[in-house]
Amino acid sequence: MNLAVIPGDGIGPEVVAEGLKVLTAVLPQDVKLETGTYDLGARRWHETGETLPEAELERLKSHDAILLGAIGDPSVPSGVLERGLLLKLRFAFDHYVNLRPSKLFPQTATPLAGRPDIDFVVVREGTEGPYAGNGGSFRTGTPAEVATEVSLNTAYGVERVVRDAYARAAARPRKKLTLVHKNNVLVYAGHLWKNLFDKVGQEYPEVTTDYLHVDAATIFFVTDPARFDVIVTDNLFGDILTDLAAAVTGGIGLAASGNINPAGDFPSMFEPVHGSAPDIAGLGKADPTATILSVALLLRHLGYETEAVRVEEAVSADLAERSGARTTTQTGDAIAVRVAS
Ligand code: IPM
Ligand code: MN
């Protein structure tokens with residue numbers, strides 16, 4: 001297994017170290033793990049002005065998958081690293097499926113009454129929508145400034161992610177797929193999504209479907225999250241909904257994600273949903289669980305299903321027994337011991 005590792009900024013290096021620790025502990029003896037570490041992020045930008053040079057992008061292509069910690073630092077203007085590094089990777093490697101599972105593990109904190117049985121996955125489109133960078137401003141800096149951010153939606157881009165979501169729903173016990181959009185206001189993109197959702201649905205008669213406007217969906221995330229199985233949605237709605245999903249399932253410290261290129265043309269990239277948390281960087285306080293669960297998604301993507309389940313079960317068992325404050329390393333050690341035994 002040949003991985004690219006991008007530790008990145010803030011708590012990124014700390015949580016990635018624990019992810020790799022667990023990965024090493026769970027891999028079968030006969031699988032040799034090779035890693036190439038990439039120095040990308042705030043430090044590099046300050047030193048050289050580079051975010052993601054072409055040569056690095058080229059080199060990244062040679063790996064089976066990428067493990068990323070976190071990107072972003074208050075010392076770098078907002079958007080420079082996000083657009084120039086993280087989104088550039090997602091776009092360049094055509095990570096059109098941004099997979100974000102939400103599961104309520106035992107003993108995890110949830111603000112929801114009655115601890116409902118939450119187990120759903122958001123399939124967030126990863127290469128289009130308002131993230132496409134199709135915007136601009138004029139009369140910039142004047143009182144008459146005009147700014148646009150145009151949401152880009154192509155039939156090609158929408159159909160392929162909707163197809164992926166149907167296939168995932170069909171493979172799960174409940175076989176339910178919810179489209180989340182806002183087609184009462186965003187009529188053009190909304191209708192493209194709804195039409196393709198209905199069209200592809202004809203090939204999956206066993207999948208029960210549902211549609212929700214995004215504002216209504218946020219209500220159900222809090223009042224009735226157990227109703228969801230698989231959700232498919234656009235890039236920006238998916239960004240917002242998955243932070244909310246994390247908040248109701250134990251917090252952002254547990255939320256994992258995979259930026260997947262299902263065709264395998266480029267390496268897929270696995271990362272915690274959380275950011276670089278500069279306020280606690282270097283203190284050994286960050287919870288590495290989201291990165292460890294991202295490693296489970298990475299294992300599953302590369303065909304190591306047994307090992308992926310082992311990591312998930314170890315996290316679940318560890319969470320059930322956690323008490324008091326833990327350091328980043330203590331959590332990594334505890335889970336590594338469980339997957340190895
Ligand atoms: C995420 C993050 C990113 C996003 C940012 C850092 C560009 O919030 O992975 O959810 O908006 O996709
Ligand atoms: Mn986000």
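**Close-up views of the predicted model**

**View 1. The two domains of the protein.** The domain assignment divides the protein into domain 1 (1-95 + 269-341) and domain 2 (110-249). The model is predicted. Between the C-alpha centres of domain 1 and domain 2 the distance is 25 Å. Seven residues from domain 1 and six residues from domain 2 make up the contact. On the side of domain 1 that touches domain 2, three residues are nonpolar, one is polar and three are charged.

View 2. An unreviewed UniProt entry places the feature "domain: Isopropylmalate dehydrogenase-like" at residues 2-335.

**View 3. The largest nonpolar core.** This core has 88 residues, and V22, V123, V295 and V311 have the most contacts inside it. Helix α9 (residues 289-301) gives the most to the core, with eight residues. The core lies between domain 1 (1-95 + 269-341) and domain 2 (110-249), because both give residues to it.

**View 4. Surroundings of V123.** V123 is one of the residues with the most contacts inside the largest nonpolar core. Leaving aside neighbours within four places in sequence, V123 is in contact with V97, L99, V161, D164, A165, R168, V230, I231 and V232.

**View 5. The shell around ligand 1.** Ligand 1 has G72, E82, L86, L87, D239 and V273 around it. Helix α4 (residues 80-92) gives the most to this shell, with three residues. By class, the shell holds three nonpolar, one polar and two charged residues.

Terms used
Residues are numbered from 1 along each chain as its sequence is written. Chains are lettered from A and ligands numbered from 1 in the order in which they are written. This is a predicted model: local features need pLDDT of at least 70, side-chain atom pairs count only at pLDDT 80 or more; totals for chains, interfaces and linings use all residues. A residue is near a molecule or strand if its C-beta atom, placed from the backbone, lies within 6 Å of it. Helices (H or I, at least four residues) and strands (E, at least two) are DSSP runs, numbered from the N terminus. Ala, Val, Leu, Ile, Met, Phe, Trp, Tyr, Cys and Pro count as nonpolar, Asp, Glu, Lys and Arg as charged, and the others, Gly among them, as polar. Domain bounds come from an automatic or database domain assignment. Two residues are in contact if their C-beta atoms, placed from the backbone, lie within 7 Å. UniProt positions are given in the numbering used here, feature names are shortened, and annotations may be inferred rather than shown by experiment. A nonpolar core is a set of buried Ala, Val, Leu, Ile, Met, Phe, Trp, Tyr and Cys residues joined through C-beta atoms within 7 Å. A residue is buried if 20 or more other C-beta atoms lie within 10 Å of its own, exposed if 12 or fewer, and partly exposed in between; C-beta atoms are placed from the backbone.
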